[in-house]
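Please read each point with the model open.

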Amino acid sequence: MIMDSILDLLGYTTTRLLLPLVTFGKVRAAAVTEDEYSYNWLGARREKDGTVVLDTSTAGWIGYIFWLFVLAVVLSVVRGF
């Protein structure tokens with residue numbers, strides 16, 4: 001349970017920081033304290049200005065995927081492909 005919380009926090013924080021930089025502000029993660037809005041089945045919603053907002057669980061999964069990709073790259077470099 002504690003490990004899940006740490007991983008959720010790491011994945012969400014990574015997405016919250018990196019996603020707006022990578023997408024030039026077009027996609028961002030919702031704040032944890034944000035009121036619950038209706039998201040589609042992918043965990044996203046579009047605001048009136050065209051910005052896509054991801055819910056916290058979707059943002060966490062994107063962060064997980066990012067760190068798994070980083071781990072795979074590091075392991076492939078260390079092992080020499």
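Predicted model: local features only at pLDDT ≥ 70, side-chain atom pairs only at ≥ 80, totals over all residues.

1. Helix H1 (residues 2-22) lies across strands E1 and E3, running at about 155° to E1. Contact here means heavy atoms within 4.5 Å. Axes are lines fitted to C-alpha atoms, for helices over the stretch in contact, with angles from 0 to 180 degrees between N-to-C directions. Helices (H or I, at least four residues) and strands (E, at least two) are DSSP runs, numbered from the N terminus.

2. Residues are numbered from 1 along each chain as its sequence is written, and side-chain values use heavy atoms, with hydrogens and water left out.

3. The protein chain holds two helices and three strands, arranged α-β-β-β-α from the N terminus on. Its C-alpha atoms fill a box of roughly 50 × 35 × 20 Å along the principal axes. Of its 81 residues, 26% count as buried, that is, under 20% relative accessible area; exposed is over 50%, and partly exposed lies in between (1.4 Å probe, protein chains only). Of the contacts between residues at least 6 apart in sequence, 49% join residues at least 24 apart.

4. The three strands form an open sheet of order E1-E3-E2 with mixed pairing. Strands E1 (27-29) and E2 (44-46) are the edge strands, each pairing on one side only. On average, neighbouring strands of the sheet are turned by 25° against each other, direction ignored. Two strands pair if DSSP finds at least two bridges between them. E1 and strand E3 (residues 52-54) run parallel and are joined by three bridges; Ala29 has Leu54 as its bridge partner in E3.

5. The Asp49 side chain makes a polar contact of 3.0 Å with the side chain of Thr51. A polar contact is a pair of N or O atoms within 3.5 Å; within protein, one must be able to donate a hydrogen and the other to accept it, and residues adjacent in sequence count only if both atoms are side-chain atoms. Asp49 and Lys26 are 23 residues apart along the chain, with their C-alpha atoms separated by 9.4 Å.

6. Thr58 belongs to helix H2. Is Thr58 buried or exposed? With a relative accessible area of 17%, Thr58 is buried. Leaving aside neighbours within four places in sequence, Thr58 is in contact with Leu42 and Gly43. A polar atom of the Thr58 side chain lies 3.2 Å from the backbone oxygen of Leu42.

7. A search of the whole structure gives two aromatic pairs. Trp61 and Tyr64 are edge-to-face, at 5.1 Å centre to centre and 85° between the planes. Both lie in helix H2 (residues 56-79), three residues apart, about one turn of the helix. Phe66 and Trp67 are also edge-to-face, because their planes stand at 75°, with ring centres 5.2 Å apart. Rings of Phe, Tyr and Trp (its six-membered ring) pair if their centres lie within 6.5 Å; planes under 30 degrees apart count as stacked, over 60 as edge-to-face and the rest as tilted.

8. As to accessibility, Trp61 is exposed at 56%, whereas Phe66 at 32% counts as partly exposed, and Trp67 at 39% counts as partly exposed.
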